[in-house]
Amino acid sequence: MVVIRLSRGGAKARPFFNIVVADKRTRRDGRFIERIGFYNPIATASEESIRIAQDRLTYWLGVGAQASPTVERLIKQSAAKKAA
């Protein structure tokens, strides 16, 4: 099964997450199929905190990939931010 989930990067106490499409059996920070965006939880007001390639997200969801609950929340948050 293919999942869309977060892969952690950054340093200790300064997290940075890539939004990746990966096989469910691989490790959290291991091999992935495609990177479709990022999430920076500690971004300042002048920095971009989340970016998702909507065309690639739509493609992967269309072929049966399952988004993790956190990624689902981030997708909704990103859509709300673009609408505002």
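Guide: One thing before we start: this is a predicted model.

Visitor: Which residues of α2 are buried?
Guide: They are Val71, Leu74, Ile75 and Ser78.

Visitor: What makes these buried residues line one face of the helix?
Guide: Looking down the axis of α2, you find its buried residues within an arc of 105°, so they line one face.

Visitor: How do you know that the span of α2 agrees with its number of residues?
Guide: Helix α2 has 15 residues, 69-83, and at 1.5 Å a residue it should span 21 Å. Its end C-alpha atoms are 21 Å apart, so the two agree.

Visitor: Which residues have the most contacts inside the largest nonpolar core?
Guide: That core has 16 residues, and those with the most contacts inside it are Ile4, Ile19, Ile36 and Val71. Two or more residues come from each of β1, β2, β3, β4, α1 and α2. Val71 touches Ile4 and Ile19, among others.

Visitor: Why is Gly9 called partly exposed?
Guide: Buried would need under 20% and exposed over 50%. Gly9 has 24% relative accessibility, so it counts as partly exposed. Gly9 is in strand β1 and touches Arg14, Pro15 and Phe16, leaving aside residues up to four places away in sequence.

Visitor: What makes Phe16 and Phe38 a stacked pair?
Guide: Planes under 30 degrees apart count as stacked, and these two rings have 20° between their planes, with 5.6 Å centre to centre. Phe16 lies in strand β2 and Phe38 in strand β3, so the pair ties together parts 22 residues apart in sequence.

Visitor: Are these two residues buried or partly exposed?
Guide: Phe38 counts as buried because its relative accessibility is 11%, while Phe16, with 28%, is partly exposed.

Visitor: Why is the pair of Tyr59 and Trp60 called edge-to-face?
Guide: The label needs planes over 60 degrees apart. Here the planes are at 75° and the ring centres 5.2 Å apart, so the pair is edge-to-face. Trp60 is buried, at 12% relative accessible area, whereas Tyr59, at 40%, is partly exposed.

How values were computed:
Residues are numbered from 1 along each chain as its sequence is written. This is a predicted model: local features need pLDDT of at least 70, side-chain atom pairs count only at pLDDT 80 or more; totals for chains, interfaces and linings use all residues. Side-chain values use heavy atoms; hydrogens and water are left out. Helices (H or I, at least four residues) and strands (E, at least two) are DSSP runs, numbered from the N terminus. The expected span of a helix is 1.5 Å times one less than its number of residues. Buried means under 20% relative accessible area, exposed over 50%, partly exposed in between (1.4 Å probe, protein chains only). The arc is that of the directions from the helix axis to the C-beta atoms. A nonpolar core is a set of buried Ala, Val, Leu, Ile, Met, Phe, Trp, Tyr and Cys residues joined through side-chain atoms within 4.5 Å. Contact means heavy atoms within 4.5 Å. Rings of Phe, Tyr and Trp (its six-membered ring) pair if their centres lie within 6.5 Å; planes under 30 degrees apart count as stacked, over 60 as edge-to-face and the rest as tilted.
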